[in-house]
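Subject: Structure handover and findings

Hello,

Here is the structure for your files. My notes on what turned up in it follow directly below.

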Amino acid sequence: MNVTLASVSRRDFLAGLGAAGAVTFAARLLPGTSLFEAGLHAQGHLPSPDPFVWVSIEPSGAVTIVTHRSEMGQGTRTTLPLALADEMEADWARVSLQQAPGDEARYGSQNTDGSRSIRHFLQPMRETGALVRRLLELAAAGTWGVPVGEVTARQHVVVHAASGRTLGYGELVEAVRRLPLPPAEDVKLKSPEALRYLMKDAPPPIVDLFDMTTGRAKYGYDVQMDGMRVAVIARPPVYGGKAASFDPRPALDVPGVERVFELPGTPVPSGMLPLGGIVVVARDTWSAIRGRDALQVKWDDGANRTYDSEAYRERLVRVARTPGRVVRNEGDAGAALASAARRIEADYYVPHLAHAPMEPPAATAVVRDGRCEIWAATQHPQAARDVVARALGLDAANVTVNVTLLGGGFGRKSKPDYVAEAALVAREAGYPVKLVWTREDEIRHGYYHTVAAQHLEAGLDASGRVVAWLHRSAFPPIGATFSAEAKGPSDDELALGCVDVPFDVPNLRCEAGDVDAHVRIGWFRSVINIPQAFAVSSFADELAHAAGRDPRDFLLGLIGPPRHIDLAKGGVKSWNYGESPAVYPLDTGRLRRVVELATERGAWGAPLPARHGRGLAVHRSFLADVAVVMEVAVDERGRVRIPRVDVAVDCGFPANPERIRSQMEGAVVMAVAAAMTGEITFREGRAVQSNFFDYEILRFEEAPREVRTHIVPTTAPPGGVGEPGFPPVAPALCNAIFAAVGKRIRQLPIRDQLRT
């Protein structure tokens, strides 16, 4: 069998190293574990199974580093190896990367989701690099017979300054093999000043950049294999539906179509398993799609056939206005609201969103001899392996998932239903099959970002200070995709912008409203932070105007003085993204700092032309603080243009500032698109939208003319970067529109709400 995508199997990786006689360094990089679970292995003498191989040095000096997370444009495939290379003083030009297959026992979690890659693996990768550097220095000192304190590793060589002697890394391979691990106290991370690649404004570009920008990069869609066929599926148009009957003959009459058969679906809630449908297998993608178009299928729509977005929105808003389950309660918000000098309330609504990555889901599978091998554009190869094993009835050890580049993911490709589809179809077909989703498949049958309604009330005293805050949040939860018992927001979801609101208000109450789900709800970039940040930051702006205060000054007063907030003391559960508040405190001082930085750099308060306005929003998510100042211009016809956006971000240790800026810029563009036009609606259970003509992404002329990112310098533990830039964008945009023309936007998308 010939696979034209470069093989990434672990067996080939080790075989290649063995031929070169490399020394291989192995370390357990699970978050929270000690460096000195690390081991050092001579190639060919690895224990069985070889446990945690991360970096090797060949006699030629070539260094190979394993990258175990998925690359979908965010740069983690580069930044984590770069951290290891920096600490080991490797010359980046002599480093190559090897993508790891899905294997949790060896690599820890490979779920590239939740803005956790840098947060969880930067420190272990740095420690591994520092260990390798120390071993190389010990080997050189031993070779020369000098104290190790007299030698220094610098850019792929170890130097003895007193004599001017040098030894290249490749020359030290044999000496390193004979060394025991050094004591933990002898392995030191570099000081920030000594770092060569990390924290630099112009670090080496991402390793895939040239291929990505010249069309050479290989994504899931690009896999080719001898004897491979292409499959598409006609899925039930309503979630939970199934085929009542179908006629395969018109499809089989299409040239190139070879097989048509039914793939059984999964009862609702379907979790990460396939929805089922009618499979069309053909010699090529075009024939498969034409064959599917020719199919004649009669569908049984099932229980969700009456799902209607407009009726559901009305119900959701009613639920949000009704007292619900109390999830945070400080003081007496009810009494304070009743006695306040002014009482203000507002409702906010955000619709379903589709992930709509440029590359729709795709996976290629081979099933034979009791084993399955997959090549997939997946964020979560381990979940893919487990789901495929369950679908095929195999032991997970007999399933290998190789990870390709992802043409965008945004959370969609952490759900491996399409990978399981590929495996099931390949088993039925008996030959290699590439299962592809079209754009229409992705938009009509995806895991949608949840629809949400938020109701907020606040009481102001005579001086305009907020003395009471009530936030009710209602939306179908992600858990509904996995359990019929999940009827409302989970504690984890409420901790994404509702119960963790960091305001200095004496009477504060948060409630949750329960509703049923009628589609697959899934993780989306920033998750439920999007609607909850939209509501909170919009409402703060409304309160500022009601109090007659400048929104910046009012917001800083609402945040209050610098302090650490520990919500666990008030009984709030799951409020800090699973991290210890001792390491990642909810620090209002850092939140204030990004507000001050964004407004300072964003020319807050400077004069603007007529029908221009600036909006401000701030939000903490995934353990990073982001403030956005957005300038908009609204013309007489209600068309919105965005001359400038200033983003201030405190994401802790800024490992790769260039990638931080890129992530903020991408988040602004994606979030503006979602706020302006993003909406998936349902009628008679069916998604109304189908492609970019009716589910629009931002056009060039609509994109912000300038996005400036300002990074707070700090050595605090790293927080998230991929997701935190999204949530404050929509409220900053809508607050700016209000400043420009006095129109308050409380329902997204904005679309034609400004048309005159």
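Seven strands form an open sheet in the order β11-β12-β9-β19-β16-β17-β18, and the pairing is mixed. Its edge strands are β11 (257–263) and β18 (399–403), each pairing on one side only. From one strand to the next, the twist averages 25°. Helices (H or I, at least four residues) and strands (E, at least two) are DSSP runs, numbered from the N terminus. Two strands pair if DSSP finds at least two bridges between them.

The model is predicted: local features need pLDDT of at least 70, side-chain atom pairs count only at pLDDT 80 or more, and totals for chains, interfaces and linings use all residues. Residues are numbered from 1 along each chain as its sequence is written, and side-chain values use heavy atoms, with hydrogens and water left out.

**The β11 end**

β11 pairs with β12 (residues 277–282) in the antiparallel sense, over 6 bridges. Within that pairing, E262 has I278 in β12 as its bridge partner. L263 also belongs to β11. L263 is buried, at a relative accessible area of 5%. Buried means under 20% relative accessible area, exposed over 50%, and partly exposed in between (1.4 Å probe, protein chains only). Setting aside neighbours within four places in sequence, L263 is in contact with I233, P274, G276, G277, V279, E421 and L424. Contact means heavy atoms within 4.5 Å.

How many residues of β16 (residues 362–368) are buried? The count is 6 of the 7, so the strand is largely enclosed by the rest of the structure. On one pairing, β16 runs antiparallel to β19 (residues 433–436) over 4 bridges. There A362 stands opposite V436. β16 also pairs with β17 (residues 371–376), again in the antiparallel sense, over 6 bridges. In that pair, R368 stands opposite R371. The β16 and β17 hairpin has 2 residues between the strands, and D369 takes a positive phi near 55°.

**Helices on the sheet**

Helix α8 (residues 285–294) lies across β9 (229–234), β11, β12 and β19. Its direction is at about 25° to β9. Helix α12 (residues 417–429) packs on the sheet too, touching β9, β11, β12, β16, β17 and β19. The direction of α12 makes about 40° with that of β16. For these angles, axes are lines fitted to C-alpha atoms, for helices over the stretch in contact, and values run from 0 to 180 degrees between N-to-C directions.

**Salt bridges**

Side chains of opposite charge can pair when their charged atoms come close. A salt bridge here is a side-chain nitrogen of Lys or Arg within 4 Å of a carboxyl oxygen of Asp or Glu. By this rule the count comes to 43. One of them joins D541 and R744, with the closest N and O atoms 3.0 Å apart. This pair links distant parts of the chain, 203 residues apart: D541 in helix α15 (residues 529–547), R744 in the segment after α19 (729–741). Both D541 and R744 are buried.

R601 and E600 form another, with closest N and O atoms 3.8 Å apart. R601 is partly exposed at a relative accessible area of 40%, while E600 is exposed at 52%. D646 and R644 meet at 2.7 Å, N to O. D646 and R644 are both buried. Salt bridges that share partners also join D86, E89, K190 and R196 into one network.

**E71**

E71 sits in the loop between β4 (63–67) and α2 (76–87). A polar atom of the E71 side chain lies 2.7 Å from the backbone nitrogen of G73. For the backbone nitrogen of T76, the distance to a polar atom of that side chain is 3.4 Å. Not counting residues up to four places away in sequence, E71 touches T76, R77, T78, D208, M212, L405 and L406.

Best regards

Notes: A polar contact is a pair of N or O atoms within 3.5 Å; within protein, one must be able to donate a hydrogen and the other to accept it, and residues adjacent in sequence count only if both atoms are side-chain atoms.
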